[in-house]
Amino acid sequence: MKAFSLKTRCSLLMLLSLASSSSLACTTLYIGDFLEFSKTQPVIVRATVSSHGAILRINADYFEEMTVTVTGVVKGDFSHDSVVFFGDTGSSCLRYITRAEFPIGSEHLFILESSDSRQPLLVAGESSVRVLGDTILGRDLVEEYSMPLTALLKLLE
């Protein structure tokens, strides 16, 4: 049996190294839909997306951050007029900020981890739902759902 050449062994070592590093992807325990996840976090705000930050190199419809204008506090204490969310940049284990999910002018309920004016867009559960008139639209992992906004607000009390 012939041994691999030094060049072949180095190539195989590099391939194994690359394969093992790509398996270090983010793994987060999923806590649940918006209602379940809201029970684990102190603040919920109603806000409108006002701007997107720098575009990610991976896709022109993905952004490093976004700014939202707070129109109301649903739960907890929050004294700022806006929140700057930073999202996943490819290896942060956060939620991606996309043009499709967070178009400028869209209204959402956001779950916040603190009362700070700058914070991550959380990914351990459904951290936001879209508000369309008197209805909310959400996605629990892969299943989309809707419900009356007033019904959700009562459940959050």
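**Exercise 1. State how many helices and strands the protein chain has, and give their order.**

Solution. Step 1: The protein chain has three helices and 11 strands; helices (H or I, at least four residues) and strands (E, at least two) are DSSP runs, numbered from the N terminus. Step 2: From the N terminus on, the elements run α-α-β-β-β-β-β-β-β-β-β-β-β-α. Step 3: Residues are numbered from 1 along each chain as its sequence is written. The model is predicted, with local features needing pLDDT of at least 70 and side-chain atom pairs counting only at pLDDT 80 or more, while totals for chains, interfaces and linings use all residues; side-chain values use heavy atoms, without hydrogens and water.

**Exercise 2. Describe how strands S1, S4 and S5 pair.**

Solution. Step 1: Two strands pair if DSSP finds at least two bridges between them. Step 2: S1 and S4 are antiparallel and share eight bridges; in S4, Lys75 is the bridge partner of Ile44. Step 3: S4 and S5 are also paired in the antiparallel sense, over five bridges, and Met66 stands opposite Phe85 in S5. Step 4: S4 and S5 form a hairpin with six residues between them, where Gly76 in the turn has a positive phi of about 80 degrees.

**Exercise 3. Identify the residues of the largest nonpolar core that touch the most other members, and the elements that supply this core.**

Solution. Step 1: A nonpolar core is a set of buried Ala, Val, Leu, Ile, Met, Phe, Trp, Tyr and Cys residues joined through side-chain atoms within 4.5 Å. Buried means under 20% relative accessible area, exposed over 50%, and partly exposed in between (1.4 Å probe, protein chains only). Step 2: The largest core has 16 residues, of which Val45, Met66, Val68, Phe85, Phe110 and Leu112 touch the most other members. Step 3: Two or more residues come from each of S1 (43–52), S4 (65–75), S5 and S7 (107–112). S1 gives the most, with four residues. Step 4: For the chain as a whole, buried residues make up 32% of the 157 residues.

**Exercise 4. Give the order of the open sheet that contains S2, and explain why one side of S2 and of S6 has no neighbour.**

Solution. Step 1: Three strands form this open sheet in the order S2-S3-S6, with antiparallel pairing. Step 2: S2 (55–56) and S6 (97–98) stand at the edges and have a single partner strand each, so one side of each lacks a neighbour in the sheet. Step 3: S2 and S3 (residues 59–63) are joined over two bridges, and Phe63 in S3 is the bridge partner of Ile55.

**Exercise 5. Determine how the buried residues of helix H3 are arranged around its axis.**

Solution. Step 1: In H3 (residues 149–156), Leu149, Leu152 and Leu156 are buried. Step 2: Seen down the axis, the buried residues of H3 fall within an arc of 65 degrees (taken from the directions from the helix axis to the C-beta atoms), so they line one face of the helix. Step 3: The face turned away from the buried side carries the exposed residues Thr150 and Lys154.

**Exercise 6. Decide whether Gly90 is buried, partly exposed or exposed.**

Solution. Step 1: Gly90 lies in the loop between S5 (82–86) and S6. Step 2: Its relative accessible area is 49%, so Gly90 is partly exposed. Step 3: Gly90 and Arg57 are 33 residues apart in sequence, and their C-alpha atoms are 9.5 Å apart in space.
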